[in-house]
Amino acid sequence: MLNFILLIFIYIGIYAIAAMGLNLIVGYTGLLSLCQAGFLAIGAYTTAVLMTTFHMGFWESMIISGFIASLFGILIGIPTLRLKGDYLAIATLGFGEIVRNVILNWDSVTKGPMGINGIPGPSIFGTTLSSMDKPAWIVIIWIFVAATYYFIRRIIRSRVGRALEAIREDEIAASSMGINTAKYKIGAFTTGAFLAGIAGSLFAAFNQSVAPLTFDFMMSIMILCMAVLGGLGNSFATIVGAVIIVLASELPRLMGISHIIPPQLNQILFGLILVLMMIYRPQGIIGRIKLNYAKIVKEEISDLEK
Amino acid sequence: MNLFNIPSNELLQHLINGLTLGAIYSLIALGYTMVYGILKFINFAHGEILMAGTYAGYYFYYFLYDPSKGAAYTIGIFIAALVIAMIASAILGVVIEKVAYKPLRKAPRLAPLLSAIGVSIILANLAALFFGTKSKKFEYPFNNSSMDIGGSSITPNQLMILAVGLIMMAGLKLFVDRTRLGKAMRATSQNQPVAALMGINVNLIISLTFAIGSALAAVAGVLIALEYKVYPTMGTMAGLKAFIAAVVGGIGNISGAMLGGIILGLLETFGVVILGIPQGLKDTIAFSVLILILLLRPSGILMKNIREKV
Amino acid sequence: MKKLLAVLFSLMLLSFVACGKDSDVIESGKTIKIGFLGPMTGDAGNYGKLMSQSVKIAIEEFNAAGGAEGFNAELIVEDTEGKVEKGNPAIEKLAGVDKVFGIVGAVFSSVSLAVAPKAEAAKIVMISPSSTHKDLPGKGKFIFRDVMSDALQAVVFGKYLAKVDNVKTVAILYVKNDYSQGLAMDFKAQYEKEGGKVVAVETALQGDKDFKTQLTKIKGANPEALYVPNYVAEIAQILEQAKQLGLKTKIYSADGFSNPQIFELAGDLSNGVIYTQAAEQPASQNKINFEAKYQAKWGEKPDAFSLNAYDGAKIILNAIKETSSKGMSGVLKVDRDKVRDFVAKTKDYDGASGKITFTADGDLVANIGIYTVENKQFKQLKMFKLDGEKLAEIK
């Protein structure tokens, strides 16, 4: 049982990283993106291919995966300059489907529908981790979660964060204040994609296998739900959202009733949680954190004066 | 004639295939775009409303189906099944709106979207639970042998889907543009509070929109079920594609939905044929072109690109 | 501090003891748990449902016959949705929480490959009823399958088409999933080796219902036969649309076609389709009995994979019964290694799907039947086995 709970918290950690990345795009910058699973897929497959075909180590592969995902982030970030609202959402949705479709059909590299198996675990202090070493995995993944949290916190509390927020609140006003909105929007996409790439890389190494069916539209939706359910524009809330969504989807197994109840009930429960949450707490469980800019700016000024 | 590298004898057939596939997307997109036009939100459960109505029609038809009673009887119960499917979908659509969307009219934009996704997950799984995951065959009420057009073939049902799509489009346009209710709908879509001040019952108009949009979905569902069978996820992927089609045409625009659907169908068919690559890549080609179209016309093909003013 | 150390030390000792023990113990009143791992929801949900129903019958029979030393078996069904990332928590739960002694599954090859190392590590015998991919055998001591591999099925069918049916040109239309693609690729390689010509290879996506574009292209290529190694929901659409487009070639398929649902979906169009399936003597009594039982209990007919699932469950249960023993205070001792060894020794087991023998890799040694449909009934035409490189007919 302990192993199973550890496993769930490993998944929560991986999703939380991707969801915090998405939160930067959706929550802080206000751009609706439906392709986080696509970035995750790019990260996961890059790691899988590098580690199996090119026999690279995990840590190098992970960094390369993050950067390749962020390259695609730039690619999809550019259209955001022209598209708004639902049109942007559809463009990103299309992009996510393209990624999956290409992975499915590029047999020579991705092994098509079979996916890639036998991905070695990461080696750390001279030992190679298998997916059985759950305590070690928990530590590694939650270090990444913490790092992501502080990384985003730093961005948000800086000039960049204020620019992103300004864009979300009123793009035209932001640009007339001299904010280069194009740069910041692409930047948000690139960073969000990078984080998803890292999450994908961890996903591939932990599961030791990747398959194209995994990274479907529903996965993007699930990650979006994590960000919204906790509270948009709040990284801590996003982690809470990830906990809730993953726990909810594994609840029958945790309670040991998964073999008694019809399998569909699990999904129905997930749907119900979504609907009820939106009706009763559309701002999320925790909600957005309103930063006290006066205080932050004052601190910065006093830092400068020193 | 040899356009690109398609043999000329195949060209017409591909064109027919693309048009009929596109007509299916259009049919679903019409209902989608109508709801969007009024409420400005993506009703992700549209595909599942379509599925639920189709099941209602299917079971009615299935229990009364008896080929020995002659063609007129079969067509009669088919039309009755169609009406029942429309009523079932309309009721479901209105109920869903009241329960899952209405409390969210003032919530952040993402809330109704996620609520709709929740509803669609619930409906698809309820269907799987009660009706099983098996595909069920919806028998053609008429003889559906294909007809020959210049060496290519088309079936009566495919023609019907095209025709129904065009009729629905024209009917919807007339309704929205020419009737009092249509005018009230347009007013509601432009500004709900002001419409209410003008004496329009906004709640009623929204319910009506959902009822009509959902009934249209049921028509699409039944016609599609004849081609592709009835199963719990029948509306999911087709609904998603139809929605994309509606956006490309210019969401909220009725002719745009029709046009977008046809374009998507033709893209899925011709995209890979022209390039001579396997059909498995059709989504890549179709979605790439769609993103390009959006980049060139950021508000869809038939919508004016309204510049945001301060 | 000393107390704490003592507690820690004894905990460590305990865990060593726990790790060191060879046999698991089931207390009296508890059940022997067996897992089923497969898609219960989603597009392939019906395949998982049919197979899990077979396992249920096997368990009921086991319990009715007195179980193992009076201990009953219990089935734990876990849904994978056909996805790798859902298969992982499912196997962890079966291994860690339920501590099952055997698993029938997984259904899809990609999922089986992903969960195999975990079943191996937990010493759970896993018999897949439907993972046909050639990479699965040899993944572990505890990993078996009682479905014939793509390689075998495709090799036999490639030879059959080229040599027995004398088909000179073939078009292939497959869906981009692990099952269809594996068969299509292996078939293509073998058929071309036998001198046949593949004039068109077309693909489709999982969940597609419209195959008219592919069929139009195939019609243009004018093949003698069309090979469609897919599941029935797709094959039914392909048959219907091929007729609409006036494509009049012979249609060949694989064991996915054996699902009786094809008759509801495609009706008379299914007549004349020729396909492969693992086989024993035409219509063995075991098969007839099981099919009747299945029909009576579930109100529908089993497909070929369900026969495999039934046999797999029986083999696991029988191994548990034969190797376990009563221990002190009425507990049942089950030795996972002994169960595995017993399963591995399976030879000429007379099951519903035919005679089952496992190779050293855990793969199935099978005879391949060539079947067709006449008047909406499956009918065996011929039966072959692979004798080295040659096809040998079994009469």
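In chain A, 78% of the contacts with a separation of 6 or more join residues 24 or more positions apart. Keep in mind that this is a predicted model. Buried residues make up 56% of its 306 residues.

How does the size of chain A fit its length? A compact globule of 306 residues would have a radius of gyration near 19 Å, and chain A has 20 Å, which agrees. Along its principal axes, the C-alpha trace of chain A spans about 55 × 45 × 45 Å.

Now look at confidence. Chain A averages a pLDDT of 87, and 99% of its residues score at least 70. Among the elements of chain A, helix H2 (residues 36-52) has the highest mean pLDDT, 95. Helix H13 (residues 293-305) of chain A has the lowest, 74. Chain B has a mean pLDDT of 87, with 96% of its residues at 70 or more. Among the elements of chain B, the highest mean belongs to helix H2 (residues 46-64), at 95. The lowest, 84, belongs to strand E1 (residues 147-149) of chain B.

Turn next to the place where chain B touches chain C. The contact takes 25 residues from chain B and 27 residues from chain C. Which helices of chain B each supply at least two residues of the side that touches chain C? They are helix H1 (8-39), helix H4 (110-131) and helix H10 (254-275) of chain B. H1(B) gives the most, with five residues. By residue type, this side of chain B divides into seven nonpolar, 13 polar and five charged.

Move on to chain C and its sheets. One is an open sheet of five strands in the order E3-E2-E4-E5-E6 (chain C). Its pairing is parallel. Strand E3 (73-79) and strand E6 (143-145) of chain C stand at the edges. Each has a single partner strand, so one side of each is left without a neighbour in the sheet. The twist averages 25° from one strand to the next. Follow one pair in detail. Strand E5 (residues 125-128) of chain C is joined to E6(C) by three bridges, and the two run parallel. Met126(C) has its bridge partner in E6(C), namely Ile143(C).

Another open sheet of chain C has eight strands, in the order E8-E7-E9-E10-E11-E17-E18-E19. Here the pairing is mixed. Which strands stand at the edges? They are strand E8 (197-204) and strand E19 (390-393) of chain C. Both have a single partner strand, so one side of each lacks a neighbour in the sheet. On average, neighbouring strands of this sheet are turned by 30° against each other, direction ignored.

Phe384(C) has Glu393(C) of E19(C) as its bridge partner.

Helix H6 (residues 178-193) of chain C lies across strand E7 (169-175), E8 and strand E9 (225-227) of chain C. H6(C) runs at about 165° to E7(C). Helix H7 (residues 212-221) of chain C packs on the sheet and touches E7, E8 and E9 of chain C. The direction of H7(C) makes about 175° with that of E8(C).

Notes
Residues are numbered from 1 along each chain as its sequence is written. Chains are lettered from A and ligands numbered from 1 in the order in which they are written. This is a predicted model: local features need pLDDT of at least 70, side-chain atom pairs count only at pLDDT 80 or more; totals for chains, interfaces and linings use all residues. Two strands pair if DSSP finds at least two bridges between them. Helices (H or I, at least four residues) and strands (E, at least two) are DSSP runs, numbered from the N terminus. Axes are lines fitted to C-alpha atoms, for helices over the stretch in contact, and angles run from 0 to 180 degrees between N-to-C directions. Two residues are in contact if their C-beta atoms, placed from the backbone, lie within 7 Å. Ala, Val, Leu, Ile, Met, Phe, Trp, Tyr, Cys and Pro count as nonpolar, Asp, Glu, Lys and Arg as charged, and the others, Gly among them, as polar. pLDDT is the predictor's confidence in each residue, from 0 to 100. The radius of gyration is taken over C-alpha atoms; the globule rule is 2.2 Å times the number of residues to the power 0.38. A residue is buried if 20 or more other C-beta atoms lie within 10 Å of its own, exposed if 12 or fewer, and partly exposed in between; C-beta atoms are placed from the backbone.
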